[in-house]
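Visitor: I am new to this model. Please show me how to read a few of its features.

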Amino acid sequence: MTVPGFTPGIIARIQFAHLPTPVEVLPRLTAALKGPKIFIKRDDQTGLAMGGNKTRKLEFLLAEAQAHGAHTLITAGAIQSNHCRQTAAAAARFGLGCILVLSAEPPVEPPEQASGNLLLDYLLGAQVVWCRREERDAVLQHTFETAWTGGRRPYLIPYGGSNPTGAAAYAHAMQEFLDQDTPVDWILFPSSSGGTQAGLLVGARKAGWKGHILGISVDEERQVLAERVAALANATAERLGLAETFLVQDILVDDGYLGEGYAVMGEAEREAIRLFAAAEGILLDPVYTGRAAAGMIGLIRQGFFKPEDRLLFWHTGGTPALFADVYREQLSKGA
Ligand SMILES: *Cc1c(COP(=O)(O)O)cnc(C)c1O
């Protein structure tokens, strides 16, 4: 199957995600917030071992890995990385080995204490290499070299799956959303390694879509993330054969919701998670979508949007982190 609007064959893809993901309207959340009408795109339902946005990227990254004759996937992330869990699942699905370089402090978590995504990493058969955050790149490089010399034919997937190949998946996702014929003015989502935002921007530009694509930063200051997204959007457009240029000032990032830092859940995330769950029966996650939803709620309350605006909250997944032990105390408050 080819996706309309793109020249087929420029980037190979193996289709295993459950697509298109549904678009739903959220009337009870809209009423609770007394703001603009809110829709949701359910990329928490992409189908691979509890889903999420990385599954879309992996359709393209797996095709590239196979073209390279890879036997082993190697990637890196934080201890509760959704990207690592989905990569481990994709490896299992295609009969490949998987090595995950996970950063934590202290840099080890015994399997018998694993919870959330880490527990799933083990169930999915991944091998875990522990490190501290600041040594992650070096450990990743070393792990790759060891696997290479050991004859394991490794293929390195970058952090968050965010290279032009991975980000291209979100250019296709944007076209998928436009084909679902739900007009909106704003698209909001959590943005971190930038592949999701870069891909959405490329897809929107290609289709001539005129709405706003606003990334709620999960861990970086606005300027840092906007520069990353612009560079990746340019590289992704080039990879797709599109003569489009993205400037840093074209990239909308809100860094007003960083709280206590990456993966530290605060009151704003807790409130957002409970509101989506209680009003709509939709589960967010403590690290990414909880923070982005807190951002959307904050912007609605500040009167940032016009009453007639239509918002799309693009759910990027992350559900397994709800079951990580570190968040239990905070999430159960008010029960
Ligand atoms: C990785 C991730 C993101 C961020 O996507 P990027 O493409 O890295 O910016 C958002 N939400 C969830 C649940 C994720 O796992």
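Visitor: In which helix does threonine 289 lie?

Guide: First, the ground rules. This is a predicted model, in which local features need pLDDT of at least 70 and side-chain atom pairs count only at pLDDT 80 or more, while totals for chains, interfaces and linings use all residues. Residues are numbered from 1 along each chain as its sequence is written, and side-chain values use heavy atoms, with hydrogens and water left out. Helices (H or I, at least four residues) and strands (E, at least two) are DSSP runs, numbered from the N terminus. Threonine 289 belongs to helix α10, residues 289-301.

Visitor: Is threonine 289 buried or exposed?

Guide: Buried means under 20% relative accessible area, exposed over 50%, and partly exposed in between, with a 1.4 Å probe and protein chains only. Threonine 289 has 0% relative accessibility, so it counts as buried. In the chain, 57% of the 335 residues are buried.

Visitor: Which residues does threonine 289 touch?

Guide: A contact means heavy atoms within 4.5 Å. Leaving aside residues up to four places away in sequence, threonine 289 touches Pro190, Leu284, Phe313, His315, Thr316 and Gly317.

Visitor: What share of contacts in the chain join residues at least 24 apart?

Guide: The share is 79%, among contacts between residues at least 6 apart in sequence.

Visitor: How many helices and strands does the chain have?

Guide: The chain has 11 helices and 10 strands. Its C-alpha trace spans about 60 × 50 × 35 Å along the principal axes.
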